[in-house]
Amino acid sequence: MKRFITGIAVFALTSGMAFAAEDGAAIFKAKCAMCHGAAGEGKSGPALKGTSLTAAQIADVLTNGAPGKKAPHGKALSGLTSDQVTAVAAFVKSLK
């Protein structure tokens, strides 16, 4: 029984992480791609592909803006939870 419960817990965690990755990509496509490009290549906003920032740093910039500047993503990211911002940051970090 313990193995069964452990197996279900592992499955739930891994499927939740996969969902978060998909969710980050979908949110990026809906809220970010219009300025940053579908592949993060940059359009009217800066290129994000291949950034040297960590996912945590990306999430911080999304939430608080760059140091010394106001948060530029207030309207675009309004209504997102911190988990969703983290998922978007992970997706941006995955762009190569």
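This is a predicted model: local features need pLDDT of at least 70, side-chain atom pairs count only at pLDDT 80 or more; totals for chains, interfaces and linings use all residues.
Residues are numbered from 1 along each chain as its sequence is written, and side-chain values use heavy atoms, with hydrogens and water left out.

Of the 96 residues in the protein, 25% are buried (buried: under 20% relative accessible area; exposed: over 50%; partly exposed: in between; 1.4 Å probe, protein chains only). The protein contains four helices and zero strands, in the order α-α-α-α from the N terminus. Helices (H or I, at least four residues) and strands (E, at least two) are DSSP runs, numbered from the N terminus. Among contacts (heavy atoms within 4.5 Å) between residues at least 6 apart in sequence, 52% join residues at least 24 apart.

The structure holds one aromatic pair. Phe28 and Phe91 form this pair, which is tilted, with 5.3 Å centre to centre and 50° between the planes. The pair links distant parts of the chain, since Phe28 belongs to helix α1 and Phe91 to helix α4, 63 residues apart. Both Phe28 and Phe91 are buried. Rings of Phe, Tyr and Trp (its six-membered ring) are paired if their centres lie within 6.5 Å; planes under 30 degrees apart count as stacked, over 60 as edge-to-face and the rest as tilted.

The largest pocket holds about 400 Å³ of space. Helices α1 (2-31), α2 (33-36), α3 (55-64) and α4 (82-94) each give two or more residues to its lining. The largest share, three residues, comes from α3. In total, 21 residues line the largest pocket, and His36, Pro46, Leu48, Leu62 and His73 lie nearest its centre. By class, the lining comprises 14 nonpolar, five polar and two charged residues (nonpolar: Ala, Val, Leu, Ile, Met, Phe, Trp, Tyr, Cys and Pro; charged: Asp, Glu, Lys and Arg; polar: the others, Gly among them). On a 1 Å grid over the protein atoms alone, a pocket is an open set of points with protein on both sides within 12 Å along at least five of seven lines, and lining residues have an atom within 4 Å of a point. Grid points are joined across faces, edges and corners, and a volume is the space filled by probe spheres set on the points.

Thr51 is located in the loop between α2 and α3 and counts as partly exposed because its relative accessibility is 23%. Leaving aside neighbours within four places in sequence, Thr51 is in contact with Ile58 and Lys93. Thr51 and Val92 are 41 residues apart in sequence, with a C-alpha to C-alpha distance of 8.3 Å.

Ser44 is also found in the loop between α2 and α3, and is exposed, with a relative accessible area of 67%. Beyond its neighbours within four places in sequence, Ser44 is in contact with Met34 and Cys35. The C-alpha atoms of Ser44 and Ala33, eleven residues apart along the chain, are separated by 10.0 Å.

Thr63 lies in helix α3 and is partly exposed, at a relative accessible area of 48%. Thr63 and His73 are ten residues apart along the chain, and 7.3 Å separates their C-alpha atoms.

Technical notes: On a 1 Å grid over the protein atoms alone, a cavity is a set of points where a 1.4 Å probe fits but cannot get out, and a pocket is an open set with protein on both sides within 12 Å along at least five of seven lines; lining residues have an atom within 4 Å of a point.
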